[in-house]
Amino acid sequence: MALGTDFLQFWHIMGSPQTELGIYTGVFVCMFATNVRELFEKYPNIKYAASTKRVVNSVNNNSLQGFLFDKDTLHKSRTHTFDILDRVGGGDSFTAGILHGILNDMESSQTVEFATCASALKHSIRGDINMVDLKQVETLMNCGIENINR
């Protein structure tokens, strides 16, 4: 039996590291595979599932790719590679980006790209609050890191 599954009946958006999805849901899924559909079958109230895949290239350089499954389609962001000043808050920034996209009616593919860019930018800021603005995230999405002005 999964831990704490009683609260999932109230969720509409599932955001969790892949390693924890199974702990909460009892459904051990890989966001890159079709078996994530089992999550939506078991919990039909969940409309979205979001997660990231992090590759540690070195102690201060990572690559990050975001995933957003909307019951029908798995949307993937580009893989962003970046140097790390501070990892704290990167996951929160990804989640905030997913919520921003959903609440602003962005296409799912744009939502996951926005969230991944917000998280990547957060890694360049000390502390746990993402101090970038909308324009900076959109610049990374559309023009690349070299065009961001701070």
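**Aromatic pairing, cysteines and a helix**

Q: How many aromatic pairs does the count come to?
A: This is a predicted model, in which local features need pLDDT of at least 70 and side-chain atom pairs count only at pLDDT 80 or more, while totals for chains, interfaces and linings use all residues. Residues are numbered from 1 along each chain as its sequence is written, and side-chain values use heavy atoms, with hydrogens and water left out. Rings of Phe, Tyr and Trp (its six-membered ring) pair if their centres lie within 6.5 Å, and planes under 30 degrees apart count as stacked, over 60 as edge-to-face and the rest as tilted; by this rule the count is one aromatic pair.

Q: Which residues form the aromatic pair, and which parts does the pair tie together?
A: The stacked pair, at 5.4 Å centre to centre and with 25° between the planes, is formed by Phe40 and Phe69. Both Phe40 and Phe69 are buried (under 20% relative accessible area, with exposed over 50% and partly exposed in between, for a 1.4 Å probe and protein chains only). Because Phe40 lies in helix H2 (residues 37-42) and Phe69 in strand E3 (residues 61-69), the pair ties together parts 29 residues apart in sequence (helices, H or I of at least four residues, and strands, E of at least two, are DSSP runs numbered from the N terminus).

Q: How many disulfides does a search of the whole structure find?
A: A disulfide is taken as a pair of cysteine sulfur atoms within 2.5 Å. Cys117 is buried at a relative accessible area of 0%, whereas Cys143 is partly exposed at 44%. The search of the whole structure finds zero disulfides.
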